[in-house]
Amino acid sequence: MANTKEIKNRMNSVKDTQKITNAMYLIASTKMRKAKNELDQTRPYFSALQGEIKRIFRTAKEVESKYFYPADGCSTPDGTYGCLIITADKGLAGAYNQNAIKEAQRLLENHKNTKLFVVGEYGRQFFGQHHIPIEHSFLYTAQNPTMQRAREISTILLEMFDRGELHKIFIVYTDLKNGMAAEAVSTRLLPFHRGQFVTSPKEKVVSTPFEFLPVIGAVLDNVMHSYVSGFIYSALVDSFCSEQNARMTAMNSANQNAEKILADLSVKYNRVRQAAITQEITEVSSGAKAQKRKAAREEQDS
């Protein structure tokens, strides 16, 4: 059985680790609140963009665009897919990274001709270690996503889509659904289904046709570039919030486990200390009795 000094050292070690996990919990909480605020500030702009796209289809329902499936509902033929996967730069976030990677692997298994585009050091290391080729790795950090980074990503993806190198583009990210539960999802980014921009029957009917310059298709394509950038930015921020939420959960669990370990060690420490005290009392009592017996023998001898 360990002595009191060893148990005390173990308790101090657990307390030091608990200080680190508690600090990481607070940092993750602060980062998540900041990212959510930034996302809330940008959502109105992209909601307005979606409204403008609806207005275009409400004005000319038969408008054609390379970013949408044809109006007759026929899908584009299968070809090369692009998959943008968003991971974290490090672990200590529960199953956050593993879930996103599993979702990307499922997409790769279903369609072998898929090019990977990776955000996050964890994803780069995983696919590199498993010898899975990466078409493009965005080397900046996954921390604190910005609109500028989203535009850089969308520019590369849209250029390859416009050149016909990619026929469909998917994005794998982690969706923080209700502030508590997060789920890794795979969403087709391009081409869009027109049903995503269906006008609600409650919206006012367009009585006077809009005028588009130079042509309606060019206006729609220009708006779609901004919309795709906004979608990617939302996915980056959503993933970042999910990562911090997962890290908060992991660190909270670590803190709770540390409390249990400290409670067990405290009980063990008290038992060992009590046993040591009892042994000392027993030794003192035995020594006193031995002295009495010795004194009694000496009196008898004399």
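These are my notes, in the order I looked things up.

**Ground rules.** I am working with a predicted model, where local features need pLDDT of at least 70, side-chain atom pairs count only at pLDDT 80 or more, and totals for chains, interfaces and linings use all residues. Residues are numbered from 1 along each chain as its sequence is written, and side-chain values use heavy atoms, with hydrogens and water left out.

**Fold.** I began with the secondary structure and got 5 helices and 5 strands for the protein chain. Helices here are DSSP runs of H or I with at least four residues, strands are runs of E with at least two, and both are numbered from the N terminus. Reading from the N terminus, I wrote down α-β-α-β-α-β-α-β-β-α. I then checked burial: 38% of the 302 residues of the protein chain count as buried. Buried means under 20% relative accessible area, exposed means over 50%, and partly exposed is in between (1.4 Å probe, protein chains only).

**Core.** Which residues touch the most other members of the largest nonpolar core? I found Leu84, Ile153, Leu190, Met224 and Ile232, in a core of 45 residues. Two or more core residues come from each of α1 (4-59), β1 (81-86), β2 (114-119), α4 (147-162), β4 (168-176), β5 (182-190) and α5. The largest share, 13 residues, is from α5. For the record, such a core is a set of buried Ala, Val, Leu, Ile, Met, Phe, Trp, Tyr and Cys residues joined through side-chain atoms within 4.5 Å.

**Salt bridges.** I counted 4 in the structure, each needing a side-chain nitrogen of Lys or Arg within 4 Å of a carboxyl oxygen of Asp or Glu. I looked up these pairs:

- Arginine 106 and glutamate 103 pair up at 2.5 Å, N to O. They are 3 residues apart in helix α2 (residues 96-110), so about one helical turn separates them. Arginine 106 is partly exposed at 38%, while glutamate 103 is buried at 15%.
- Arginine 124 bridges to glutamate 121 at 2.9 Å, N to O. Both sit in helix α3 (residues 121-129), 3 residues apart, so the spacing is about one helical turn. Here arginine 124 is buried at 13% and glutamate 121 is partly exposed at 28%.
- Arginine 247 meets glutamate 243 at 2.9 Å, N to O. The two are 4 residues apart in helix α5, so again about one helical turn lies between them. Arginine 247 is buried at 4%, and glutamate 243 is buried at 1%.

**Charged patch.** I noted a surface patch of positive charge made of Lys289, Lys292, Arg293, Lys294 and Arg297. Patch members have over 30% relative accessible area and no salt bridge, with like charges joined within 9 Å. Lys and Arg count as positive, placed at NZ of Lys and CZ of Arg. I picked out lysine 294, which belongs to helix α5 (residues 216-301) and is partly exposed at 43% relative accessible area.

Where is the cis peptide bond? I found it running from leucine 190 to proline 191, with omega near -10°. Proline 191 is in the loop between β5 and α5. I also flagged histidine 131, a residue other than glycine with a positive phi, near 55°. Histidine 131 lies in the loop between α3 and β3 (136-138) and counts as exposed at 72% relative accessibility.

How values were computed:
Patch = residues over 30% accessible without salt bridge, like charges linked within 9 Å, V, L, I, M, F, W, Y side chains within 5 Å. Areas by Shrake-Rupley, 256 points an atom, 1.4 Å probe, with all protein chains shown as cover.
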